[in-house]
Amino acid sequence: MTRELLIPIARDVIKHAKAGTMKQASKVMRLPATHYTDSNRFQTEVEKLIKRVPIILGPSCEISKAGDFKTLSIAGISLIVSRDVDGEAHAMINACSHRGACLTKEESGNRKRFTCPYHGWSFSNVGDLIGVSAEKDFGSIDKNDYGLISLPVYESAGLIWAILNPNSKVDIPTFLSGYDKVLDSFAFSEWVYVSKRRFSGPNWKIAYDGYLEYYHVPVLHRDTFGTDATNQGLYYAWGPHQHIKSPATEKGHVATETLGYMTNLIDKPEDEWDTETLTYGVWTVFPTTSIASFDAGGRGVMISQILPGESVEESITTQYYIMERPPVDPGAAEEQFDFFQKVVMQEDYAMGSSAQPALKEGGLDHILFGRNEQGNQHFHQWIDKVLNSDNDNDLNSLFKNANNNK
Ligand code: FES
Ligand SMILES: [Fe+2]
């Protein structure tokens, strides 16, 4: 019962809420501005982080039925993510094994096979080569050698992870450090996919930093969350992954679900703590994902995927909106998702973009993360740990020996 994994966290939050205390990082962190602006550093992050560690491809419910597929692009690599007749998820590089043509430009659909639009080779929806046009002209090629390139995939807690390196030796459960077991308390595998938004923003880490602290909330989001929203977050870590909850004690605040106020539970005995409230707060999945709860005429989460764009100055964010049940009023739900997108673009990312020139042109040589911005410190420390790991075996040891801090 994964609910049991959430109880000690809520207990800790309530202890701090009642005592008016906080846990913080032991010191302030200084990060060189070049970490956000240097093109070589950016390229290293793409090669040694994004292409080596497991990355979330989306929620399971986006491709819930046999034959369902979707396409997406990560670090310039186009992928097909599909589900087979046995219910298993697959990820393949969206490139024909004949001469590399893009097999499909469709965003999503349901198919038994993909036929290459160039010369007509065909592949099953899990990437097996099943048909070669004018086959005799290719002599004796073994079709088994010419399937699509498939990637290591792991599906757990209603989320799909893959590693962009087809030959990776990184063990995905080790990387997750037990975090997926905790995320499973949402039961996303039984939820429904509702909608998606995609848009660009500033440097991917400038963008992601905004998902890692509450310090900015009552200031930057004063018109949306209000000046009385909490600016404090308590952090709980499983290896590189972090959950943030709020020690605020105000009841019924608009930020309750998203920021994880535990006030619904504060006066109740533990056996009456409901699982939904226990899941409130922000769940970041290292290195590119953040999950936050909302109510849109029903319980839902926004899964934000913040990926590096084509250059150091650009990120691409995909927001997946999934809900426990289909929304009662789909039109109203879409309006609410538009609003969430607007807040992120016009408040968070606009502010991030405004910092970019000063970081780039040498106005600042470093930035600061306070003791209250512990989540950002943890994130940037973990990026360095991964970049400093030479190979997949080192990465496995790194994740295996990571401390959980709950
Ligand atoms: S590139 Fe696909 S069939 Fe030729
Ligand atoms: Fe924000």
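Predicted model: local features only at pLDDT ≥ 70, side-chain atom pairs only at ≥ 80, totals over all residues.
Residues are numbered from 1 along each chain as its sequence is written, and side-chain values use heavy atoms, with hydrogens and water left out.

Next, select 3-53 together with 177-400 as domain 1, and colour 55-156 separately as domain 2; these bounds come from an automatic or database domain assignment. Taken over C-alpha atoms, the centres of the two domains are 32 Å apart, and their contact (heavy atoms within 4.5 Å) takes 20 residues from domain 1 and 16 residues from domain 2.

Now show the side chains of Glu-62 and Lys-196, which meet in a salt bridge at 2.7 Å, N to O. The count between the domains is two salt bridges, each defined as a side-chain nitrogen of Lys or Arg within 4 Å of a carboxyl oxygen of Asp or Glu.

Finally, stay on the side of domain 1 that touches domain 2, where helix H3 (39-50), helix H5 (179-183), strand S12 (192-201), strand S17 (299-308) and strand S18 (315-323) each supply at least two residues; helices (H or I, at least four residues) and strands (E, at least two) are DSSP runs, numbered from the N terminus. Strand S12 gives the largest share of that side, four residues.

Terms used. Chains lettered and ligands numbered in written order.
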